[in-house]
Amino acid sequence: MRREPLINLVIILLLLAVPLTAQAMDEPFIVTLATKVAILALAGVGLNIALGLGGMVSLGHAAFFGIGGYMMAVLAAPVQAYEPLMTWPIELAGTKSMPLIWLGAVIAGALGALAIGALSLRTSGVYFIMITLAFGQMLYYFAISWPAYGGEDGIAIYVRNGFPGLNTLDPLQFFALAYAVLLLALLLAHRLGASPFGLALAGARQAPARVAALGIRPYSLKLTAFVLSGAVTALAGALYADLNRFVSPSMLSWHTSGEIMVLVILGGVGRLFGPVAGAALYILLEHLLGGISEHWQFFLGLILLGIVLFARGGLIGTLAGREVAHD
Amino acid sequence: MSAMLLIEQALNGLQYGVMLFLMAAGLTLVFGVMGLINLAHGSLYMVGAFACAGVAAATGSFWLGLAASLAAAAAAGAIVELTVIRRLYARDHLDQVLATFALILVFSEGTRWLFGSFPLYLDIPAALAGPITLPGGIEYPLYRLVLIGIGLAVAAGLFWLIGATRLGVRIRAGEADREMIAALGVDISRLYTIVFALGAALAGLAGALVGALQSVQVGMGEPVLILAFVVIVIGGIGSIKGALVGAILVGLTDTLGRFLLPAAFGTFLPPSEATSIGAALASMLIYILMAAILVIRPGGLYGRV
């Protein structure tokens with residue numbers, strides 16, 4: 001009956017074993033692919049806080065992913081141009097240090113989620129989906145038409161940002177960093193789900209009227225979860241931008257929102273390790289189908305359709321069998 | 001800035017608005033009657049445009065192309081409804097979002113497979129090419145004026161269909177209580193297919209009509225889809241009247257914002273800065289409008305919330 005923890009362990013160990021093996025076989029491309037899985041999984045863990053725990057179907061999480069990515073570029077670009085970040089009201093230099101960039105990304109993502117969430121959570125259901133989508137698209141168009149940060153072309157960062165004590169240019173060390181952040185985020189999501197806050201949030205998802213009758217405002221619970229969710233996804237965005245050493249408005253496009261949501265659902269909504277399994281499956285499908293046909297998205301679409309229609313519960317739901325948590 | 005230019009831009013906004021209405025009307029009908037959120041509505045818009053461009057190129061007649069766009073989009077809508085969409089009515093919105101997102105991938109990549117990656121071009125029919133002089137001496141493209149006319153005529157037709165025909169009565173009854181009308185002997189699954197195909201045909205019509213103004217390419221439906229969502233949120237889900245008012249509001253706000261904001265900033269900023277700030281703000285204006293309406297009326301202007 002309790003098969004899920006075992007499956008989780010296998011998934012997380014596999015994600016570690018694959019790049020280690022690839023490194024031993026001198027295949028740095030596969031290490032980079034595994035890093036991409038870890039980072040997208042992190043974005044999915046963020047979305048899953050809103051989607052799985054809070055029942056908020058946000059189709060605008062690319063906004064936070066992109067905010068994180070742009071935060072990286074905004075902080076790191078002045079350094080490579082030998083310019084200060086700002087001169088007024090105080091003179092501030094940019095930074096190439098990942099911890100500082102992450103802090104900036106998390107704060108910016110949380111503030112963005114606070115603004116978008118405060119407005120969007122005035123509604124629910126299908127309105128919420130459309131409104132989060134629309135706000136995400138607003139940032140996308142803003143990034144395209146605002147010339148200071150590259151407009152449509154985006155910005156390239158020539159050297160990957162540094163982390164104290166690590167050589168981030170080495171693919172395996174950068175993977176280890178992304179993997180460690182992913183583990184921390186999974187721990188956070190797990191603790192969150194089991195905390196009094198998480199239980200109240202589950203209540204707000206399943207029976208908002210009862211939670212309100214107990215004296216807790218569902219709105220505040222959901223907004224808090226949405227802000228946390230946005231912050232984690234923004235952190236993933238900063239890492240993703242560092243992986244590619246490039247940001248562009250496409251990080252903000254609604255296709256990105258769709259992809260993050262797809263990988264959460266592929267793995268299993270509301271499952272702690274769903275995003276990890278989903279990201280691995282998604283990248284694997286992309287890679288395998290991409291090798292077969294240049295029109296791989298056509299087949300990806302068909303496979304996704306099949307999964308939604310016939311294999312509910314995602315990968316972990318199929319393997320572990322029993323429906324949990326998600327209603 | 002002359003008044004003539006302003007009127008011309010207002011007409012452009014109105015034309016944009018009525019085309020958005022054709023998209024939003026189908027979406028809002030499908031949501032109102034079946035409770036389904038359909039992200040693939042933009043793909044039907046694309047199907048209409050490609051069908052029109054393909055048939056017009058083969059036969060040389062824009063009008064045959066237009067008929068083909070209606071037929072192709074309605075057929076694509078009916079097929080998708082029968083094979084995929086009807087399995088989703090009982091599911092939650094999350095499954096609907098994912099399945100229709102998958103449909104977008106299939107439609108977009110399938111179209112790219114069939115037609116290649118290069119955009120197609122669709123010419124405005126010769127009879128409608130060129131400008132016309134409006135009262136007051138304003139020169140305005142005849143084709144855009146015809147689009148406004150077609151959009152308003154379709155809106156009137158839709159109000160008549162919903163308000164005064166047997167099918168409309170059933171659609172409204174389906175919105176109110178689907179179990180009851182099924183119990184009264186209305187074939188509800190056939191009604192759903194018809195509503196979905198109707199919405200698809202409207203989207204295809206919009207795609208073909210707008211395709212003659214822009215290029216016909218894969219992915220052309222998605223920006224329009226998202227604007228149609230904004231329209232529905234502003235107008236209120238399920239309301240055709242809300243869709244019309246919202247669409248025209250969005251069309252005018254967007255077009256006039258892009259025209260007026262850079263000029264407005266130009267009164268106190270140097271021209272290059274004014275253009276970039278004005279353009280960036282103008283691209284966000286309709287979303288700001290949406291946010292403002294949400295604050296005042298969370299259910300939209302004509303919503304039932």
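How many of the 14 residues of α10(A) are buried? The helix is mostly covered, with 13 of its 14 residues buried (20 or more other C-beta atoms within 10 Å of a residue's own, C-beta atoms being placed from the backbone).

This is a predicted model, in which local features need pLDDT of at least 70, side-chain atom pairs count only at pLDDT 80 or more, and totals for chains, interfaces and linings use all residues. Residues are numbered from 1 along each chain as its sequence is written, while chains are lettered from A and ligands numbered from 1 in the order in which they are written.

Staying with α10 of chain A, residues 254-267 reach 20 Å from the first C-alpha to the last, close to the 20 Å expected at 1.5 Å a residue (1.5 Å times one less than the number of residues). Helices here are DSSP runs of H or I, at least four residues, and strands are runs of E, at least two, numbered from the N terminus. After α10(A) comes A:Gly268, with a positive phi near 130 degrees.

An unreviewed UniProt entry lists several spans of chain A as "transmembrane region", including 62-80 and 297-320; such annotations may be inferred rather than shown by experiment.

Now to the partner chain. The contact takes 37 residues from chain A and 35 residues from chain B, counting residues whose C-beta atoms, placed from the backbone, lie within 7 Å. On the chain B side, α4(B) gives the largest share, 15 residues.

Note on methods. Contact = placed C-beta atoms within 7 Å. Buried ≥ 20, exposed ≤ 12 C-beta atoms within 10 Å, placed from the backbone.
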